[in-house]
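Biologist: Please show me the model, and then I will ask about its packing.

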2 protein chains.
Amino acid sequence: MKRRPANRKVEIIETASALFNERGYNNITMRILAAEMGIKAASLYNHISSKQEILATTILGLAKKFVSGIEEIAHKDIDSIEKIKNIVLVHIEFTLEDPNGMASLQTNWMYLEGDNLLNFKQMRSDYEQSFRDIIKDGISQGTVKAYSPEIILFSILTTLRSLYMWYPRQKNIDKNVLKEEMISVTLKGFVNT
Amino acid sequence: MKRRPANRKVEIIETASALFNERGYNNITMRILAAEMGIKAASLYNHISSKQEILATTILGLAKKFVSGIEEIAHKDIDSIEKIKNIVLVHIEFTLEDPNGMASLQTNWMYLEGDNLLNFKQMRSDYEQSFRDIIKDGISQGTVKAYSPEIILFSILTTLRSLYMWYPRQKNIDKNVLKEEMISVTLKGFVNT
DNA sequence: AAAGCTAACTAACATTTGTTAGTTTTCCAA
DNA sequence: TTGGAAAACTAACAAATGTTAGTTAGCTTT
């Protein structure tokens, strides 16, 4: 028996992600996507069932990885600061693996329909809640400054979420330098004392 | 002589911004926008010339404010750290003034067409360059840590750019607390020493 | 060589959507 | 009270777009 070639489908989804990232979900028609693949629009439907499926596969797939990622970290027996460092690293890894998918996750999620949209919002909110809990623990234990948890949460989170839009363009920054400096800047700022 | 009522046009643009922010530019048709205004789609064209004009007015208007804002700060006779604090404050002020417009600026700019898109990209890149120069000055003068300027730049910038998506939902955080803590967290982090 | 998939193609449809043309209503100024 | 602009309406179009139906070409296996 021959192995099922999920290849072509993956190819389409990756091509679509790249185009969505460059020009926006709604600027990419099925005809444009097909042309980029070197085929006709109708042929896409031999591999995928709808444009929405392409979007949902990418976004919900990543969202699930983030939710299980943070839950794993939350249960580790380390202090809040270490947990937050782990979260930074997870974001960097996922972004390096799939920057175009990360772009869709941040900028095209509102074009998810029906249950896809509901599930996404639920996962996003679960993720934020787990992160918030880690920050609040840190404040209780005195390792994190007693600022508004919401300000700390979104300061970190939005920095991490936006990584896709600038890091892939940087050729001079080594991956390990990125990790170290992102952790330093995010946790301790950039002001010299 | 009666004052020209640019009012209705402004009303349309503000209503549109709010809808774009809630559901995404491409999910909002002229019919939906008109219904929200209590009129028919065709009637919108007595006040605006196209859907694109609505988007461009909002986004390019804000982009111009940011460019002139940062240029003014850049020319002040204060050190880099103080300049960066000023930039944080400018972002907070603009976001509080027009959170829905800020949302379009961040999430709908790719639906600008032709010169609108080109002008936007130019202004965004000018803005980032001014900001980058301030950071590099700070590093030269020793007030800013010698990390990669790009990492510092985008860590601050993306935090500020994402303010629109969470602050308007917070009812408990006072405007002045926001300003103080945003500056602290962004510049010096949240780790207790 | 025949059979059976897989994946491509052509053609076309049904909607949606931004927009225009032409007309009527509203309402303030004279 | 009336004239005229401002702003609404009805009707409709033209283009774009996601998708389906039916067909054909190309491999791989038997």
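Modeller: This is a predicted model: local features need pLDDT of at least 70, side-chain atom pairs count only at pLDDT 80 or more, and totals for chains, interfaces and linings use all residues. Residues are numbered from 1 along each chain as its sequence is written, while chains are lettered from A and ligands numbered from 1 in the order in which they are written.

Biologist: Which residues does A:Leu62 touch, not counting those up to four places away in sequence?

Modeller: Two residues are in contact if their C-beta atoms, placed from the backbone, lie within 7 Å. With residues up to four places away left out, A:Leu62 touches A:Phe94, A:Asp98, A:Gly101, A:Met102 and A:Leu105.

Biologist: Which residues of the second, separate core can you name?

Modeller: A nonpolar core is a set of buried Ala, Val, Leu, Ile, Met, Phe, Trp, Tyr and Cys residues joined through C-beta atoms within 7 Å. Buried means that 20 or more other C-beta atoms lie within 10 Å of a residue's own; exposed means 12 or fewer, and partly exposed is in between, with C-beta atoms placed from the backbone. The second core has 42 residues, including B:Ile54, B:Ala63, B:Ile84 and B:Phe94.

Biologist: How many residues does the largest nonpolar core have?

Modeller: Among those with the most contacts inside it are A:Leu55 and A:Phe131. The number of residues in this largest core is 43.

Biologist: Which helix gives the most to this core?

Modeller: Helices (H or I, at least four residues) and strands (E, at least two) are DSSP runs, numbered from the N terminus. Helix H9 (175–188) of chain B is one of those that supply at least two residues. The most, nine residues, comes from H4(A).

Biologist: Which residues of H9(A) are buried?

Modeller: What covers them includes H5 and H8 of chain A together with helix H8 (149–161) of chain B. The buried residues are A:Glu181, A:Met182, A:Val185 and A:Thr186.
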